[in-house]
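Colleague: I've got this one open on my screen and I'd like to learn how to read it. Can you take me through it feature by feature?

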Amino acid sequence: MPEGDTVWQAARRLHDALAGRVLTRSDFRVPAYATVDLAGRTVLDTVARGKHLLTRIEGGLTLHSHLRMDGAWKVYGSGESWKGGPAHQIRIVLATAGRSAVGYRLPVLELLPTAQESQAVGHLGPDLLGADWDPERALANLLADPARPLGEALLDQRVLAGIGNVYKSELCFLLGVTPWLAVGSLPAEQASQLPGLAKKLLEANRDRAIRQTTGLRAPRLFVYGRAPRPCLRCGTSLRVADQGDGSQERPTYWCPVCQRGPAPPPGSAQRWRERYRRSTR
């Protein structure tokens, strides 16, 4: 699933392509909005709110979209071929005189009054890349449930908005704790540093085409996606396991030496070990 920095980049692309321009065409390819026509209206702006995208349109309307795992917004110039996927995966087209913004595989797409945007994003915690960022509130949200595993708390968009599996794993490594450590067991100094560190990582990557946390050309990430390769600090083979209730695939990476705290429950790493074995045959 795209994380806050990736969604911020998508918002900037849409804003640059559409803001201040009159729509010459709108084509909703979802049943609920099949008869909606926005042609003739001016696009005001597009902003990211956590992992959500809000495109505001003249007349008090907001187009709310969410990419989840596979969704994407692509922007094309006049006469340029659309290459985001087959035509049947297109959910919406917004076109101006010179550009077309095409939404592919969008699992969430709704048109709502701008005054009611809170219905879509009001539940979110402080946005790591947003104007509403509040580190004190973010820390209070994190500490509200001391028994909750840190990795699960970081993924909860009601706590703070913008973190996904990559930053969850990288943040826990940088803090030196496993994602299964209870939030209440995190030392106070580390807990107080966490919101600022998360914001620093996302801000550093919002203008990069390829995400980086190590400061190296390669590898670009400390732990995410690197199991069973060696840890950059201690050389130990990195581990991967699922975290959560199993309803979603959430691979979590960590170093068993550099990160203190509980290991994952028995069996949660088995599927990833089997996948690795198959990939190396």
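Colleague: Is Arg-68 buried, exposed or partly exposed?

Modeller: Keep in mind that this is a predicted model. Arg-68 has a relative accessibility of 43%, so it counts as partly exposed. You'll find Arg-68 in the loop between strand E4 (61–66) and strand E5 (72–77).

Colleague: And what about the backbone there?

Modeller: The general idea is that most residues other than glycine have a negative phi, and most peptide bonds are trans. Arg-68 isn't a glycine, yet its phi is positive, about 45°. Arg-105 also has a positive phi, about 55°, without being a glycine. Arg-105 sits in the loop between strand E7 (99–104) and strand E8 (108–113), and at 26% relative accessibility it is partly exposed.

Colleague: How do I read a pair of helices, say H3 and H6?

Modeller: Two packed helices are described by the angle between their axes and the distance between the axes. Here, the axes of H3 (residues 135–143) and H6 (residues 188–205) come within 9 Å and cross at roughly 125°. That angle makes H3 oblique to H6. The crossing is right-handed. On the H3 side, Pro-135, Ala-138, Leu-139, Leu-142 and Leu-143 make the contact, and on the H6 side Ala-191, Ser-192, Leu-194 and Pro-195 do. Sorted by type, the residues of this contact are 8 nonpolar, 1 polar and no charged.

Colleague: Is Tyr-253 buried or exposed?

Modeller: Buried means under 20% relative accessible area. Tyr-253 has 10%, so it is buried. Tyr-253 is part of strand E10 (residues 251–254). Beyond its neighbours within four places in sequence, Tyr-253 has contacts that include Ser-169, Val-223, Tyr-224 and Arg-239.

Colleague: What about the whole chain?

Modeller: The chain comes to 7 helices and 10 strands. With 281 residues, a compact globule would have a radius of gyration near 19 Å, and the chain has 21 Å, which agrees. Buried residues make up 48% of the 281. Of the contacts between residues at least 6 apart in sequence, 61% join residues at least 24 apart.

Notes: Residues numbered from 1 in each chain as written. Predicted model: local features only at pLDDT ≥ 70, side-chain atom pairs only at ≥ 80, totals over all residues. Heavy atoms only, no water. Axes fitted to C-alpha atoms, helices over the stretch in contact; angles between N-to-C directions. Helix = DSSP H or I, 4+ residues; strand = E, 2+ residues; numbered from the N terminus. Parallel < 35°, antiparallel > 145°, perpendicular 65-115°, else oblique. Left-handed = near helix turned anticlockwise from the far one by under 90°. Contact = heavy atoms within 4.5 Å. Nonpolar A, V, L, I, M, F, W, Y, C, P; charged D, E, K, R; others polar. Buried < 20%, exposed > 50% of the residue type's maximum accessible area, 1.4 Å probe, protein only. Rg over C-alpha atoms; globule rule 2.2 N^0.38 Å.
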